[in-house]
Amino acid sequence: MVGIQIGAVSFVDEGTEKVIDALREMGGVNALFVAAFTYGRGIAGRQPRGSPLPDHGVQEYDDAFRGGNFATPHPELYRRTRIAPEKAPDHPGYDVLADVIPPAHRRGVKVIAWFEDVFRKDVPGLDQAVETDPHGRPTARLCLRNPDTREFWLALVEDYLRHYDLDGLMWGSERQGPLDNALGASHGGPARPGEVGCFCSHCLAAARARGIDPERAREGFLALERWAGELMAGRRPADGAFVTFWRILVDYPEVLGWERLWNEGLRDTYREMHARARSLAPGKPIGWHIWHNNSFSPFYRAEQDYAAFGPYSDFLKVVIYNNCAGPRMAHYVRNLNATLFADLSPEETLQLTYKLQQYPNEKPLERIAREGLGPDYVRRETRRAVTGVPAGVKIWPGIDVDIPTGADEKKTRPEDVAAAVEAAFEGGAHGIILSRKYSEMTLANLRAAGQAVRGLVRA
Ligand SMILES: [Zn+2]
């Protein structure tokens, strides 16, 4: 399985049959992971302004990108949710799945609908389903336990499987629980304990049903808000950052209960989507994109228990983007060094992170942003996933091809792609997914993937 993630814009800009033939020829691609639903720029649209346009496709920035469903939503399936099933207005009259599936299948190329948990704030009905923070304020993120949210994802699964001759589905949610977010434990935004979720009525009821006191959890997150606020303002408590954090955890174990509660909401979403797909199309795989934070944060990593994915997963796309992993790891280290690990130096924070995650011999902080992580990282993380999942769950690592990084940070070269592809298969991968989207990849790097695959096939 040699897959590639690709958005509607590439077929519209470059011609459907021409693109499929080029991907087969250059990249050895035999499966298209078509970005079918998202409001985000990570997997759809051309390059956002600020990133160079690659050496193919229309050489103009699509600043008016909006997103939504790039196929055709069938409204009768969405009666049980108030979240509007919007057709993406970006390519009027165009349905990417209807357009791509027939010519792909004529060439023996599979098509998997790829959709993600990324919305815009102004999607009609979104306000009915958002998470509530510890202060009782609405956020802009969907609550995964809210029935409108759950029904929206189930309707989308049904819509794609009923109306298109797909070869599978892949969904991704690049989010984590409230305790992890309270620490800023990711390569994304900083710690914001006062804005975490979820304290909506559905989550409060779920907590009470499990014997967790919501008021104690709320007080615990407000204590974390004060703790992180002091540290991020540069004030160090006399007992240090770690000890004062642990004191809050012991005083308010409910915050850990809330972390588990949030993860159960996500796992139940996986479980129900898998069951719905199974009931409609028993032979078609459905699996999950596992966020890159799995490579940086031991806290998030602990919550991605590969063994537990078995009952509701046919495959996992484990993100193992080795080039941008360098700057992203450096970013994670800065975030944690501002809160939980403020007692350590940034380099010590990085070395602790490596050790806790069994990363031997990785580069020091001053080098990782410019050099990225190497193919050993791809090999190790692939092997960890392959040995971790129950038999029958396929591992298709996501391979970094030109994922944007900042100025002076690691850029993808053809030899990086070739080494990562080889390392993934050496680690026991059942396939690979070239990521994140064709519209940000250069042709030389795509060709390097194809050459590596052909070399492995010959060997
Ligand atoms: Zn909620």
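**Exercise 1.** Determine whether Asp402 is buried or exposed, and do likewise for Asp408.

Solution. Asp408, at 68%, is exposed. Next, the backbone: phi of Asp402 is near 65°, a positive value in a residue other than glycine, and Asp408 has a positive phi of about 65° although it is not a glycine. Asp408 is found in the loop between S11 and H15.

The model is predicted: local features need pLDDT of at least 70, side-chain atom pairs count only at pLDDT 80 or more, and totals for chains, interfaces and linings use all residues. Residues are numbered from 1 along each chain as its sequence is written, and side-chain values use heavy atoms, leaving out hydrogens and water.

**Exercise 2.** Identify the residues that coordinate the zinc ion.

Solution. The donors (N, O and S atoms within 2.8 Å of the metal, or 3.2 Å for Na, K and Ca; water is not among the atoms, so sites may look incomplete) are the SG atoms of Cys143, Cys198, Cys200 and Cys203, at 2.2 to 2.3 Å. Their sequence spacing is C-x54-C-x1-C-x2-C. Of these residues, Cys198 is buried at 3% relative accessible area, and Cys203 is buried at 4%. A cis peptide bond, with omega about 15°, joins Gly197 and Cys198.

How values were computed. Buried < 20%, exposed > 50% of the residue type's maximum accessible area, 1.4 Å probe, protein only. Helix = DSSP H or I, 4+ residues; strand = E, 2+ residues; numbered from the N terminus.
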